[in-house]
Protein chains: 2
Amino acid sequence: MKDFKYYTPTEVVFGEQSEEQVAQLVKKYGGTKVLVHYGGKSAERSGLLDKICGLLKEGDIDYVKLGGVVPNPRLSKAQEGIELCRWEGVDFILAVGGGSVIDSAKCIAYGVPYLGDVWDFYLGKASATEMLPVACVLTIPAAGSEMSEASVITNEEGDVKLGYSNDLSRPKFAIMNPRRTFTLPPYQTAAGVTDMMMHTMERYFTKDDDMDLTTDIAEAILRRMKTAVYDVMKDPENYRQRAQIMWGGSVAHNGLTGCGVSDDWATHQLEHELSGMFDVTHGAGLAAIWPSWARYVMHENLNRFVRFAVNVMDVPNDFTDPETTALKGIEAMERFYHDIGMPVNIKELIGRDITDEEIKEMTRKCSRDYTATCGQFKILKADDMEAIYKMARG
Amino acid sequence: MKDFKYYTPTEVVFGEQSEEQVAQLVKKYGGTKVLVHYGGKSAERSGLLDKICGLLKEGDIDYVKLGGVVPNPRLSKAQEGIELCRWEGVDFILAVGGGSVIDSAKCIAYGVPYLGDVWDFYLGKASATEMLPVACVLTIPAAGSEMSEASVITNEEGDVKLGYSNDLSRPKFAIMNPRRTFTLPPYQTAAGVTDMMMHTMERYFTKDDDMDLTTDIAEAILRRMKTAVYDVMKDPENYRQRAQIMWGGSVAHNGLTGCGVSDDWATHQLEHELSGMFDVTHGAGLAAIWPSWARYVMHENLNRFVRFAVNVMDVPNDFTDPETTALKGIEAMERFYHDIGMPVNIKELIGRDITDEEIKEMTRKCSRDYTATCGQFKILKADDMEAIYKMARG
């Protein structure tokens, strides 16, 4: 069995009254001057931003605001934040939003005390030994960044999207009020659930069959997310089901589903190039790639795909024919993606046929000019990546 | 849905190589002079104590040792530890052992910087605002103290056993090597699994039916513990199954299984008096009480007991007769307890009939002289407690 570390220090405050605690929590974790970091108009329109700022003010906590974070958050915005924090003497960063805003906040927090260029961390040229404390008020359950050690930033110069992981960046606290997710549109809700399920599946599909409890918990999360999203599609203001999804997004990616198993991440890396080239929603891109990845790699550990079919997708187990059972599981997942409005191939994702040249270009990028592999379940070389992209063209 | 907090800052380092990191972890969390706290001879005999001390020495970390912690750890031993730590200038406490040793370590850590009597915290007369950092090398999976905020101490004067909970006391790190549990005798293994399953069940049996994901995860843990303990009974050196149990004990009690639900703890409180009066093993005492508690309270939320029967105990659901299904689940749990050598009533626990006087005395103590209730699923008054003890007499 694989040795593992599990480390999730984030204090989660979950529920309808959770926001009321924001000032008290900022103080508890040492914040005296806060950068309130957010995205676009929705945090303003919903009144959440005003509420949070009002609570900080009532708590006698000084703050400055910086909005304008976009999906696939940009390095330039983070650099703007770093300058602002230094100028204003900010000592605590509070992200109000989803994964993009939290990732941008983490990037700023790395940058403030660092003398060099914050992009160094993402390039692997430096490792952060200190950073400002980050916390969040989550509004979009999907990325899991509210408890994770990861952040992904896009450098507009060269359009390079890179991630950096460091335990220091796990948020000090995460306020989660499911009511704030009632207004998430169906497509974004479905893409979010697809993303969080994939965070679990990237760890679930492993050759390490001996950490049963992790697998059991992963299956419980996957089944529940599947059930909850159907109900939310019918009734966006279903608090109970919104709560399952919101909490599911955190436990899917805080490390719990990876304890004692090797994780894969090939689907994420293959999708990376798709969203880079076509600016599609990350979750939708994952749905477009996964069925082809699954069919391509399933023989590496067929047993896992049989388990997935039976325990997650409710496919009756044909004990005499594991391959058919496994394939029915993948087909059931495709039906699920369609049910919630997600694509199952690239054509459905981008609305046209992808060209051979585009596939070649994505393969080149994903393999870093044919030098790198991706994945663990099956280690994919450039040829494998191209084959999967071709299978996924639709 | 109930709002909740989830906070588990402990860095878990799990696996066969985990002990090697002890010196590095102590340094990471600021320890320069360590109290190595342990129980009886087993830590010495197994070589674990020497190994840990050797690693600290290699890492140039100064330490003193204090052994002799007994099950149901005593206040006097903790007070001895407090004096020793002050005298030696200890700034970090490393527990090497199971729940009793960790709880004793927490008590010492509260006491060192406190000017008054550390028992004040357990009496509810004071609340700790600082304490020495505590960490552990776990050898007995059961109590869950390695990630929890709780500690239970027995004051020999008056034989009073009290608990104190404070997030400050969550261990900084927990080293868990399943191999160290190979030598745990069957009875202790079974009692440990019973305890950790009960930590989950105390939260699972709730009237809050709306936090589905928590319930799903609880069921996954319960099912896996049930399976793993059978295998370990047959083969005590089964690393894979020992690992499920070791990790299961932590996730059962670190808060995950309580997110968004009201917890009960009546079985624990009723057992408290049993182990107080007869000095029995805590886990065995829980097994002796639970079936009677379950039958007495099941109509408070029959649905939960049906779920438990079907999803945990593999009882076929008789949809026309939920009561029978629920009862069959309780009977299946009794068979499970017997299978692993646990009692299902007080007679089996103590080896003789319990007297009416003894039941009256336990009832008096559990109800704090007929003034207090226990439990949430059904709030138990003194009469209810007495009725459950009588049902459980066997």
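In strand 8 of chain B, Ile175(B) has Val137(B) standing opposite. This is a predicted model, in which local features need pLDDT of at least 70, side-chain atom pairs count only at pLDDT 80 or more, and totals for chains, interfaces and linings use all residues. Residues are numbered from 1 along each chain as its sequence is written, while chains are lettered from A and ligands numbered from 1 in the order in which they are written. Helices (H or I, at least four residues) and strands (E, at least two) are DSSP runs numbered from the N terminus. Two strands pair if DSSP finds at least two bridges between them.

**Strand 8 of chain B**

- Strand 8 of chain B pairs with strand 5 of chain B in the parallel sense, over three bridges.
- Strand 8 of chain B also pairs with strand 1 of chain B, again in the parallel sense, over four bridges; here Val13(B) stands opposite Ile175(B).
- Phe173(B) and Ile175(B) point one way from strand 8 (residues 173–176) of chain B, Ala174(B) and Met176(B) point the other way, and all are buried.
- A residue is buried if 20 or more other C-beta atoms lie within 10 Å of its own, exposed if 12 or fewer, and partly exposed in between, with C-beta atoms placed from the backbone.

**The sheet across both chains**

- Twelve strands form an open sheet with mixed pairing, in the order 3(A)-2(A)-4(A)-5(A)-8(A)-1(A)-1(B)-8(B)-5(B)-4(B)-2(B)-3(B).
- The edges are strand 3 (62–66) of chain A and strand 3 (62–66) of chain B, each of which pairs on one side only.
- On average, neighbouring strands of this sheet are turned by 25° against each other, direction ignored.
- Helix 3 (residues 48–58) of chain B packs on the sheet, touching strand 2 (33–38), strand 3, strand 4 (92–97) and strand 5 (134–138) of chain B. The direction of this helix makes about 175° with that of strand 2 of chain B. Axes are lines fitted to C-alpha atoms, for helices over the stretch in contact, and angles run from 0 to 180 degrees between N-to-C directions.
- Helix 5 (residues 99–111) of chain B lies across strand 2, strand 4 and strand 5 of chain B, at about 165° to strand 4 of chain B.
- In chain A, strand 1 (residues 4–14) and strand 8 (residues 173–176) run parallel and are joined by four bridges; Glu11(A) stands opposite Phe173(A).
- Strand 1 of chain A and strand 1 of chain B run antiparallel and are joined by seven bridges, with Phe14(A) opposite Phe4(B).

- 32 residues of chain B are in contact with 32 residues of chain A; two residues are in contact if their C-beta atoms, placed from the backbone, lie within 7 Å.
- Strand 1 (4–14), helix 8 (212–234) and helix 9 (239–251) of chain B each supply at least two residues of the side that touches chain A. The largest share, ten residues, comes from strand 1 of chain B.
- By class, this side of chain B has 16 nonpolar, six polar and ten charged residues. Ala, Val, Leu, Ile, Met, Phe, Trp, Tyr, Cys and Pro count as nonpolar, Asp, Glu, Lys and Arg as charged, and the others, Gly among them, as polar.
- The same surface serves both copies, as 100% of the contact residues of chain B recur in chain A.

**Domains of chain A**

- Chain A is assigned domain 1 (11–180) and domain 2 (186–391); the bounds come from an automatic or database domain assignment.
- The centres of the two domains of chain A, taken over C-alpha atoms, are separated by 27 Å.
- Contacts between these domains involve 15 residues of domain 1 and 19 residues of domain 2. The domain 1 side has nine nonpolar, two polar and four charged residues.

**Individual residues**

- Leu49(A), in helix 3 (residues 48–58) of chain A, is buried, with 21 other C-beta atoms within 10 Å. Not counting residues up to four places away in sequence, Leu49(A) touches Tyr38(A), Ala43(A), Glu44(A) and Val96(A).
- Asp314(A) has a positive phi, near 60°, and lies in the loop between helix 12 (302–312) and helix 13 (322–339) of chain A. Asp314(A) is exposed, with 11 other C-beta atoms within 10 Å.
- Asp369(B) has a positive phi of about 55° and lies in the loop between helix 15 (356–366) and helix 16 (382–391) of chain B. Asp369(B) is exposed, with 8 other C-beta atoms within 10 Å.
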